[in-house]
Amino acid sequence: MTAWTAEMDARAAGIVARYPDPRSAVMPLLYMAMLADGGLTDDGMRKVAERAGVSPAQVRAVASFYTMYKEGEVGRYVISVCQSISCHLLDSSAVAAAAVEATGVPIGETGPDGSFTVETVECIGACGGAPAIQVNYEMVEGLDPDRMRSLCEWLGSEQPEAVNGDELQERFGGRRSFDWGPSDPTTAVGPVPAFGPYGSAGEGP
Amino acid sequence: MTDSILFGRMEAHPSDSHTLARYEATGGYQALRKALGMEPSAITEEVKASNIRGRGGAGFPTGVKWGFLADTTPRYLVINADESEPGTFKDRQLLERDPHQLVEGIVISAFALGVSHAFVYVRGEYTRQARRVQAAIDEARAAGYVGKDVLGSGFDLEITVHLGAGAYICGEETALLNSLEGLRGEPRIKPPFPAVEGLYAKPTIVNNVETISNVPWIVTNGGAAYDAIGPEGSRGTRLFSLSGHVEKPGNYEIVMGMSWRDLIHGLGGGIPGGRELKCWIPGGASAPWFTPEVLDEPVTIDDAGRLGSMLGSGAVVVMDDTTNVVAAALSVVRFFAHESCGQCTPCREGTGWMQRILERILSGEGRPSDIGLLLDVSDNISPGLEWPPAMTTICPLGPSAVSPITSIMTHFRDEVEAMIAQGVAADV
């Protein structure tokens, strides 16, 4: 089953039109399908195949290659803890352990109530603000185990419909890679990045 | 002024450097007006004369690359914003804080190259940055800088932002093109090079964000002015991302030629907590490591190469004297094992072997034969273990995973041997 709607067909056509070849729309359409179903489903991938003019097997081949396409149930809050070299040097493993402890969700899994998915990831480009994480692909820099625990507890108790990166950084973050400049009100819903016509982008509360 | 070609606007106007209004108020899109009055080939000549070398990692001269573009249409320009090399976050700042500088660079470059459709491939995790670039394109379109008949010149340009989905390998230009075509991000065998057969098998130029962000300045001031900045072979300013055990991590725009000491201990503020510098990665996770005996060497592309490493993506990762180098090497190797696309056996299998051997040593179960085994596996990926690396693979990802191995074996072999001899699990 997929929650892909006729309205999404129209939006998909607009995305296909952004490219010289419909096949190029496979990646954006996978995000759309994942947003509709809360994770990738077989039927969702079939819809992507129809719209992009390729076979379902070709869509699955693409989906399985990239870490941000996730099959099955994914949490409302995807906590991605970077473990690459700059974060490693500043003790990202303790931050990951704090996320596991605070959510009760092991690395690479989704909790039974569907709130959290916790994962370790490779470099997210926040090395100057290490150790860093992403929540629904929004950056939070300058973490430590206490900040990480507080962030998870806050999400768990507040249960926001969507998250805003600036708010999380303001509340729980520390040193940043650089001055972010003015805030961005966009909100993000797991497990899809908050970008334009095919992502989870919403406006803040 | 010469050391702020790229960061000047955001430093002077931190509250709105990303907006069209601020960009225009600070001279923005004047370079485009100038360029549209030039012969396209004359723009390419200016870029050639600037001697700017690509800022994505390989350091290939940009103007020369442009000169390879085959003379058939359609042809494409693709901006590589898939910044994923561990330690690197410079393009993120350019995308986020001065996206119009990039957009103007794209429009000028597309005009020079005879391109009517350009793409910006942004890594999936750079959501805020992708939003900023899309907003800048939308603003530029409304103002007539992008779209049909740019500024009444008759030149048409579409720009499509494409979001990746978490695959480092898509920073390799042919993998990026496959990804943009809706395929798995597997590198292609070269030749043919993208300039001849790229996106949809059409002639394509793939350039890094920082590279193209320099183009407006080069057009405004001329290639010769850019070529007058910095030492030969490393012209212009360059962004360095400092991270790890350094007091003031961040992105720094510098004129190349300063010493590593001035970069790490000067700009970077030295090592925190009164500790000592042990080693650093000079150009992203793919680069062999440097140790303090080269601190007074100049930071240039050619000097880094002479010393057996590279400036790569400009990522300087600093490690202090408390660093367990085996654990650090494991972090880098694990990255490449995770990001291997799996096409080539030496890389797919070898990086996994290297990861498991390093994990074994760290767990206290290391064997005396493990050092030879690590080097043997490495040699199967990069025969001879030399720099620049030979390859048994389609792309340089596999050989990049060898860099931390050769680095710890060259500089810290005694530490590895001691860890194996003690047979105690490391506390890291």
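Trainee: What should I know about the model before I start?

Mentor: It is a predicted model, where local features need pLDDT of at least 70, side-chain atom pairs count only at pLDDT 80 or more, and totals for chains, interfaces and linings use all residues. Residues are numbered from 1 along each chain as its sequence is written, while chains are lettered from A and ligands numbered from 1 in the order in which they are written.

Trainee: Which residues have the most contacts inside the largest nonpolar core?

Mentor: A nonpolar core is a set of buried Ala, Val, Leu, Ile, Met, Phe, Trp, Tyr and Cys residues joined through C-beta atoms within 7 Å. Buried means that 20 or more other C-beta atoms lie within 10 Å of the residue's own; exposed means 12 or fewer, partly exposed lies in between, and C-beta atoms are placed from the backbone. Here the largest core has 199 residues, and Leu30(A), Ala99(A), Val78(B) and Val107(B) have the most contacts inside it.

Trainee: What does Leu30(A) touch, leaving aside its neighbours within four places in sequence?

Mentor: Two residues are in contact if their C-beta atoms, placed from the backbone, lie within 7 Å. Leu30(A) then meets Leu40(A), Val48(A), Val62(A), Ala63(A) and Tyr69(A).

Trainee: How many residues of chain B are in contact with chain A?

Mentor: The count is 54 residues of chain B against 50 of chain A. Helices (H or I, at least four residues) and strands (E, at least two) are DSSP runs, numbered from the N terminus. On the chain B side, α15(B) gives the most, with 6 residues. As for class, Ala, Val, Leu, Ile, Met, Phe, Trp, Tyr, Cys and Pro count as nonpolar, Asp, Glu, Lys and Arg as charged, and the others, Gly among them, as polar. That side has 20 nonpolar, 24 polar and 10 charged residues.

Trainee: In what order do the 4 strands of the open sheet in chain B run?

Mentor: Strands pair if DSSP finds at least two bridges between them. The order is β3-β2-β1-β4 in chain B, with parallel pairing. At the edges, β3 and β4 (204–208) of chain B each pair on one side only. Between β1 (residues 76–81) and β2 (residues 117–122) of chain B there are 6 bridges, and Asn80(B) has Tyr121(B) as its bridge partner in β2(B).

Trainee: Which helix packs on this sheet?

Mentor: Angles run from 0 to 180 degrees between N-to-C directions, with axes fitted as lines to C-alpha atoms, for helices over the stretch in contact. Helix α7 (residues 99–113) of chain B touches β1, β2, β3 and β4 of chain B, and its direction makes about 145° with that of β1(B).
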